[in-house]
Amino acid sequence: MSTQGKTDSDDTSFPASSPRRPLYFVQSPSGDSHDGEKTSMSLHSTPALSPMGSPPHSNSSLGRHSSSTRLSGSGKTSTHGGHHRKGEKSWKEFDKIEEEGLLEYEGARRRHSRRCYIIAFVIGFFLLFSLFSLILLCVSKTHKPTITMESIRFQQFAIQAGIDSSGVATDMVSVNTIVKFKFRNTATFFGLHVTSTPLHLSFSKLNVATGVMQKFYQPRNSHKSIKVVVRGTNIPLYGGGGSLGINPNGTLTGAVPLTLSFTVRSRGNVLGRLVRPKFYMRMNCAVAMDFGNPKKKVSVPLKDSCTCRR
(Lines give C-alpha, C1' and ligand atoms only; values in the text may rest on other atoms or scores of the structure.)
Protein backbone atom coordinates (compact mmCIF):
# COMPACT_ATOMS: atom_id res chain seq x y z
CA MET A 1 0.00 0.00 0.00
CA SER A 2 2.75 2.27 0.78
CA THR A 3 4.30 1.77 -2.65
CA GLN A 4 1.04 2.49 -4.36
CA GLY A 5 0.45 5.49 -2.18
CA LYS A 6 2.98 7.61 -4.18
CA THR A 7 1.40 10.59 -5.73
CA ASP A 8 1.71 11.73 -9.25
CA SER A 9 3.69 14.66 -8.00
CA ASP A 10 6.22 12.28 -6.58
CA ASP A 11 6.40 10.46 -9.91
CA THR A 12 6.85 13.63 -11.84
CA SER A 13 9.45 15.18 -9.55
CA PHE A 14 13.02 15.12 -10.72
CA PRO A 15 15.83 14.18 -8.56
CA ALA A 16 18.00 17.09 -7.38
CA SER A 17 21.08 15.62 -8.94
CA SER A 18 19.70 15.58 -12.52
CA PRO A 19 21.84 17.74 -14.93
CA ARG A 20 20.54 21.03 -16.14
CA ARG A 21 20.07 21.46 -19.80
CA PRO A 22 21.50 24.57 -21.42
CA LEU A 23 19.42 27.56 -22.32
CA TYR A 24 18.84 28.47 -25.92
CA PHE A 25 18.59 32.09 -27.01
CA VAL A 26 17.09 33.20 -30.27
CA GLN A 27 18.69 36.33 -31.70
CA SER A 28 16.60 38.18 -34.21
CA PRO A 29 18.53 39.24 -37.32
CA SER A 30 19.42 42.90 -37.63
CA GLY A 31 20.42 44.91 -40.68
CA ASP A 32 22.91 47.04 -38.74
CA SER A 33 25.73 45.00 -37.38
CA HIS A 34 26.79 47.83 -35.11
CA ASP A 35 23.43 47.99 -33.25
CA GLY A 36 24.54 46.33 -30.03
CA GLU A 37 21.66 47.59 -27.93
CA LYS A 38 18.98 45.95 -30.06
CA THR A 39 20.85 42.68 -29.94
CA SER A 40 21.01 42.77 -26.17
CA MET A 41 17.31 43.62 -25.99
CA SER A 42 16.47 40.71 -28.23
CA LEU A 43 18.50 38.47 -25.98
CA HIS A 44 16.56 39.60 -22.93
CA SER A 45 13.21 39.39 -24.56
CA THR A 46 13.34 36.01 -26.28
CA PRO A 47 14.66 33.37 -23.90
CA ALA A 48 13.70 29.80 -24.80
CA LEU A 49 12.90 27.31 -22.05
CA SER A 50 14.12 23.86 -22.14
CA PRO A 51 11.54 21.17 -22.97
CA MET A 52 11.44 20.15 -19.36
CA GLY A 53 10.40 23.62 -18.23
CA SER A 54 13.58 24.24 -16.32
CA PRO A 55 14.07 27.80 -15.19
CA PRO A 56 16.62 29.90 -17.03
CA HIS A 57 20.14 30.48 -15.84
CA SER A 58 21.04 33.17 -13.46
CA ASN A 59 21.19 36.80 -14.39
CA SER A 60 24.97 36.68 -14.32
CA SER A 61 25.21 34.31 -17.25
CA LEU A 62 22.72 36.41 -19.18
CA GLY A 63 24.71 39.50 -18.41
CA ARG A 64 27.87 37.87 -19.70
CA HIS A 65 26.19 37.01 -22.98
CA SER A 66 24.84 40.54 -23.28
CA SER A 67 28.25 42.02 -22.57
CA SER A 68 29.92 39.82 -25.17
CA THR A 69 27.24 40.76 -27.67
CA ARG A 70 27.78 44.43 -26.94
CA LEU A 71 31.54 44.07 -27.24
CA SER A 72 31.24 42.28 -30.54
CA GLY A 73 28.90 44.97 -31.80
CA SER A 74 31.18 47.75 -30.65
CA GLY A 75 34.16 45.95 -32.22
CA LYS A 76 32.39 45.85 -35.56
CA THR A 77 31.50 49.49 -35.26
CA SER A 78 35.08 50.45 -34.48
CA THR A 79 36.29 48.33 -37.38
CA HIS A 80 33.97 50.13 -39.78
CA GLY A 81 35.08 53.47 -38.35
CA GLY A 82 38.75 52.55 -38.83
CA HIS A 83 38.14 51.62 -42.46
CA HIS A 84 36.33 54.91 -42.94
CA ARG A 85 39.23 56.90 -41.48
CA LYS A 86 41.74 55.00 -43.64
CA GLY A 87 39.69 55.88 -46.73
CA GLU A 88 39.63 59.53 -45.75
CA LYS A 89 43.40 59.48 -45.18
CA SER A 90 44.05 57.91 -48.59
CA TRP A 91 41.86 60.51 -50.31
CA LYS A 92 43.65 63.30 -48.45
CA GLU A 93 47.01 61.92 -49.56
CA PHE A 94 45.76 61.68 -53.15
CA ASP A 95 44.50 65.26 -53.01
CA LYS A 96 47.84 66.39 -51.62
CA ILE A 97 49.78 64.61 -54.38
CA GLU A 98 47.46 66.05 -57.01
CA GLU A 99 47.89 69.54 -55.58
CA GLU A 100 51.67 69.18 -55.57
CA GLY A 101 51.54 68.05 -59.19
CA LEU A 102 49.45 71.06 -60.15
CA LEU A 103 51.84 73.38 -58.31
CA GLU A 104 54.84 71.86 -60.10
CA TYR A 105 53.10 72.21 -63.46
CA GLU A 106 52.18 75.81 -62.71
CA GLY A 107 55.77 76.58 -61.66
CA ALA A 108 57.17 74.97 -64.81
CA ARG A 109 54.71 76.91 -66.96
CA ARG A 110 55.69 80.17 -65.29
CA ARG A 111 59.39 79.46 -65.73
CA HIS A 112 58.82 78.64 -69.39
CA SER A 113 56.81 81.84 -69.86
CA ARG A 114 59.50 83.89 -68.11
CA ARG A 115 62.18 82.34 -70.33
CA CYS A 116 60.14 83.13 -73.43
CA TYR A 117 59.69 86.72 -72.26
CA ILE A 118 63.43 87.10 -71.70
CA ILE A 119 64.26 85.71 -75.15
CA ALA A 120 61.67 87.94 -76.78
CA PHE A 121 63.02 90.96 -74.90
CA VAL A 122 66.61 90.24 -75.96
CA ILE A 123 65.60 89.73 -79.61
CA GLY A 124 63.46 92.87 -79.58
CA PHE A 125 66.25 94.86 -77.94
CA PHE A 126 68.76 93.78 -80.58
CA LEU A 127 66.32 94.55 -83.39
CA LEU A 128 65.58 98.00 -82.03
CA PHE A 129 69.25 98.68 -81.35
CA SER A 130 70.17 97.57 -84.87
CA LEU A 131 67.48 99.82 -86.33
CA PHE A 132 68.69 102.73 -84.20
CA SER A 133 72.31 102.10 -85.26
CA LEU A 134 71.28 101.95 -88.93
CA ILE A 135 69.45 105.25 -88.60
CA LEU A 136 72.50 106.84 -86.96
CA LEU A 137 74.75 105.51 -89.72
CA CYS A 138 72.50 106.89 -92.45
CA VAL A 139 72.29 110.27 -90.72
CA SER A 140 76.05 110.45 -90.16
CA LYS A 141 76.74 109.65 -93.81
CA THR A 142 75.09 112.91 -94.79
CA HIS A 143 77.66 114.93 -92.78
CA LYS A 144 80.56 114.55 -95.18
CA PRO A 145 83.84 116.35 -94.47
CA THR A 146 85.29 118.73 -97.00
CA ILE A 147 88.80 119.61 -98.21
CA THR A 148 89.73 122.98 -99.61
CA MET A 149 93.03 123.03 -101.48
CA GLU A 150 94.86 126.32 -101.06
CA SER A 151 98.30 126.32 -102.70
CA ILE A 152 101.56 124.56 -103.45
CA ARG A 153 104.78 126.51 -102.87
CA PHE A 154 107.91 125.48 -104.77
CA GLN A 155 111.10 126.15 -102.91
CA GLN A 156 113.29 124.12 -105.25
CA PHE A 157 112.96 122.48 -108.61
CA ALA A 158 116.29 121.67 -110.26
CA ILE A 159 117.40 119.26 -113.00
CA GLN A 160 120.98 118.09 -113.56
CA ALA A 161 122.76 115.18 -115.09
CA GLY A 162 123.55 112.23 -112.90
CA ILE A 163 123.80 108.45 -112.51
CA ASP A 164 121.22 106.26 -110.89
CA SER A 165 121.92 103.42 -108.45
CA SER A 166 122.47 100.92 -111.24
CA GLY A 167 125.08 103.12 -112.98
CA VAL A 168 122.87 104.43 -115.83
CA ALA A 169 123.48 108.05 -116.83
CA THR A 170 120.26 110.14 -116.86
CA ASP A 171 118.84 113.46 -115.84
CA MET A 172 118.20 113.85 -112.13
CA VAL A 173 115.59 116.15 -110.57
CA SER A 174 115.34 117.55 -107.02
CA VAL A 175 112.08 119.04 -105.77
CA ASN A 176 111.09 120.72 -102.50
CA THR A 177 107.53 122.00 -102.05
CA ILE A 178 104.94 122.78 -99.36
CA VAL A 179 101.28 121.89 -99.94
CA LYS A 180 98.56 123.74 -98.02
CA PHE A 181 94.92 122.73 -97.67
CA LYS A 182 92.09 122.96 -95.17
CA PHE A 183 90.11 120.08 -93.71
CA ARG A 184 86.63 120.71 -92.28
CA ASN A 185 84.40 118.41 -90.24
CA THR A 186 80.77 119.33 -90.95
CA ALA A 187 79.26 116.82 -88.47
CA THR A 188 77.50 118.31 -85.46
CA PHE A 189 77.45 115.25 -83.18
CA PHE A 190 80.69 113.30 -83.78
CA GLY A 191 84.38 113.91 -84.40
CA LEU A 192 86.66 112.41 -87.04
CA HIS A 193 89.97 110.56 -87.00
CA VAL A 194 91.81 111.70 -90.13
CA THR A 195 94.65 109.98 -91.99
CA SER A 196 96.00 110.24 -95.50
CA THR A 197 97.93 108.33 -98.10
CA PRO A 198 101.30 109.81 -99.10
CA LEU A 199 101.08 112.92 -101.26
CA HIS A 200 102.66 112.30 -104.68
CA LEU A 201 103.93 114.97 -107.05
CA SER A 202 104.49 113.40 -110.46
CA PHE A 203 105.86 114.37 -113.83
CA SER A 204 104.90 112.26 -116.88
CA LYS A 205 103.55 109.58 -114.52
CA LEU A 206 106.84 109.51 -112.69
CA ASN A 207 106.87 110.45 -109.01
CA VAL A 208 109.39 113.19 -108.40
CA ALA A 209 108.39 114.12 -104.81
CA THR A 210 106.56 112.53 -101.89
CA GLY A 211 105.16 113.83 -98.59
CA VAL A 212 103.31 112.32 -95.60
CA MET A 213 100.54 113.99 -93.61
CA GLN A 214 100.41 113.35 -89.87
CA LYS A 215 97.17 111.81 -88.64
CA PHE A 216 95.00 113.90 -86.34
CA TYR A 217 91.58 114.13 -84.69
CA GLN A 218 89.13 116.75 -85.87
CA PRO A 219 86.34 117.73 -83.42
CA ARG A 220 82.78 118.17 -84.58
CA ASN A 221 81.86 121.22 -86.63
CA SER A 222 85.43 122.54 -86.88
CA HIS A 223 88.24 122.89 -89.41
CA LYS A 224 92.03 122.72 -89.53
CA SER A 225 94.69 124.13 -91.84
CA ILE A 226 97.29 121.55 -92.86
CA LYS A 227 100.78 121.91 -94.31
CA VAL A 228 102.64 118.99 -95.83
CA VAL A 229 106.20 119.03 -97.08
CA VAL A 230 106.53 117.21 -100.40
CA ARG A 231 110.10 116.68 -101.55
CA GLY A 232 112.35 114.51 -103.67
CA THR A 233 116.14 114.43 -104.12
CA ASN A 234 118.01 113.21 -107.20
CA ILE A 235 115.07 111.41 -108.76
CA PRO A 236 116.08 109.88 -112.17
CA LEU A 237 113.91 110.95 -115.09
CA TYR A 238 115.04 108.23 -117.58
CA GLY A 239 114.43 110.29 -120.67
CA GLY A 240 111.40 112.07 -119.30
CA GLY A 241 113.30 115.32 -119.10
CA GLY A 242 113.71 115.48 -122.86
CA SER A 243 110.44 117.40 -123.22
CA LEU A 244 111.60 120.07 -120.80
CA GLY A 245 113.35 123.25 -121.85
CA ILE A 246 116.57 123.21 -119.88
CA ASN A 247 119.20 125.91 -119.98
CA PRO A 248 122.89 125.01 -119.88
CA ASN A 249 122.99 126.03 -116.26
CA GLY A 250 120.21 123.52 -115.43
CA THR A 251 117.32 125.97 -115.14
CA LEU A 252 113.98 125.47 -116.87
CA THR A 253 112.83 127.79 -119.58
CA GLY A 254 109.14 126.90 -119.80
CA ALA A 255 106.16 125.60 -117.88
CA VAL A 256 106.33 122.19 -116.31
CA PRO A 257 103.09 120.16 -116.05
CA LEU A 258 102.88 118.41 -112.70
CA THR A 259 100.20 116.38 -110.93
CA LEU A 260 99.51 116.25 -107.20
CA SER A 261 97.45 113.32 -105.94
CA PHE A 262 96.55 111.84 -102.54
CA THR A 263 93.61 110.31 -100.64
CA VAL A 264 92.30 111.52 -97.28
CA ARG A 265 90.55 108.95 -95.07
CA SER A 266 88.41 109.93 -92.11
CA ARG A 267 86.46 107.81 -89.63
CA GLY A 268 83.90 108.81 -87.00
CA ASN A 269 82.86 107.01 -83.82
CA VAL A 270 79.19 107.86 -83.49
CA LEU A 271 78.21 105.03 -81.12
CA GLY A 272 81.52 103.65 -79.92
CA ARG A 273 82.79 100.97 -82.28
CA LEU A 274 79.29 99.96 -83.35
CA VAL A 275 78.50 102.92 -85.63
CA ARG A 276 81.65 104.10 -87.41
CA PRO A 277 81.02 106.03 -90.63
CA LYS A 278 83.99 106.24 -93.00
CA PHE A 279 84.70 108.87 -95.62
CA TYR A 280 87.21 108.80 -98.51
CA MET A 281 88.27 111.82 -100.57
CA ARG A 282 90.60 111.29 -103.53
CA MET A 283 92.26 114.54 -104.48
CA ASN A 284 93.83 115.18 -107.89
CA CYS A 285 95.38 118.56 -108.74
CA ALA A 286 96.91 119.75 -112.00
CA VAL A 287 99.83 122.05 -111.40
CA ALA A 288 101.37 124.13 -114.25
CA MET A 289 104.46 125.89 -113.01
CA ASP A 290 106.65 128.37 -114.92
CA PHE A 291 110.20 128.45 -113.61
CA GLY A 292 111.32 131.74 -115.17
CA ASN A 293 113.41 132.62 -112.15
CA PRO A 294 114.87 129.55 -110.44
CA LYS A 295 115.89 131.54 -107.33
CA LYS A 296 112.38 132.84 -106.77
CA LYS A 297 110.06 130.88 -104.53
CA VAL A 298 106.90 130.32 -106.53
CA SER A 299 103.46 129.68 -105.03
CA VAL A 300 100.77 128.19 -107.22
CA PRO A 301 97.12 128.41 -106.15
CA LEU A 302 95.19 125.13 -106.22
CA LYS A 303 91.66 126.26 -105.46
CA ASP A 304 90.34 125.89 -109.00
CA SER A 305 92.68 123.21 -110.28
CA CYS A 306 91.74 120.26 -108.05
CA THR A 307 89.05 117.64 -108.22
CA CYS A 308 87.67 115.51 -105.37
CA ARG A 309 86.20 112.02 -105.82
CA ARG A 310 84.41 110.34 -102.92
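Mentor: Let us start with a term: buried means under 20% relative accessible area, exposed over 50%, and partly exposed in between, using a 1.4 Å probe and protein chains only. This is a predicted model in which local features need pLDDT of at least 70 and side-chain atom pairs count only at pLDDT 80 or more, while totals for chains, interfaces and linings use all residues. Residues are numbered from 1 along each chain as its sequence is written, and side-chain values use heavy atoms, with hydrogens and water left out.

Trainee: Is F121 buried or exposed?

Mentor: F121 counts as exposed because its relative accessibility is 59%. F121 sits in helix α3, residues 59–141. Helices (H or I, at least four residues) and strands (E, at least two) are DSSP runs, numbered from the N terminus.

Trainee: Which residues make the nonpolar surface patch?

Mentor: I118, F121, V122, F125 and F126 make a patch of about 540 Å². Patches use residues with over 30% relative accessible area and no salt bridge; like charges are joined within 9 Å, and nonpolar side chains (Val, Leu, Ile, Met, Phe, Trp, Tyr) within 5 Å. A salt bridge is a side-chain nitrogen of Lys or Arg within 4 Å of a carboxyl oxygen of Asp or Glu. Accessible areas come from the Shrake-Rupley method with a 1.4 Å probe; for residues, only the protein chains shown count as cover.

Trainee: And the chain overall: how many helices and strands are there?

Mentor: The protein chain has 3 helices and 13 strands. Of its 310 residues, 29% are buried. The chain exposes about 21,100 Å², with carbon and sulfur atoms supplying 57% of that area.

Trainee: Turning to the strands, what does β11 pair with?

Mentor: Strand β10 (residues 255–268) and β11 are antiparallel, with 13 bridges, and L260 stands opposite C285 in β11. β11 is also antiparallel to strand β13 (residues 306–309), with 4 bridges; there M283 faces C308 in β13. Two strands pair if DSSP finds at least two bridges between them.

Trainee: Which residues are on the covered face of β11?

Mentor: The covered face of β11 (residues 278–290) holds F279, M281, M283, C285, V287 and M289. Its uncovered face includes K278, Y280 and R282.

Trainee: What about β12?

Mentor: In strand β12 (residues 298–301), V298 and V300 form the covered face, and S299 and P301 the uncovered one. Strand β3 (residues 146–163) runs antiparallel to β12, joined by 4 bridges, and F154 stands opposite V298.

Trainee: What does S222 touch?

Mentor: Leaving out residues up to four places away in sequence, S222 touches F183, R184 and N185; contact means heavy atoms within 4.5 Å. The side chain of S222 also makes a polar contact with the side chain of Q218 at 2.7 Å.

Note on methods. A polar contact is a pair of N or O atoms within 3.5 Å; within protein, one must be able to donate a hydrogen and the other to accept it, and residues adjacent in sequence count only if both atoms are side-chain atoms.
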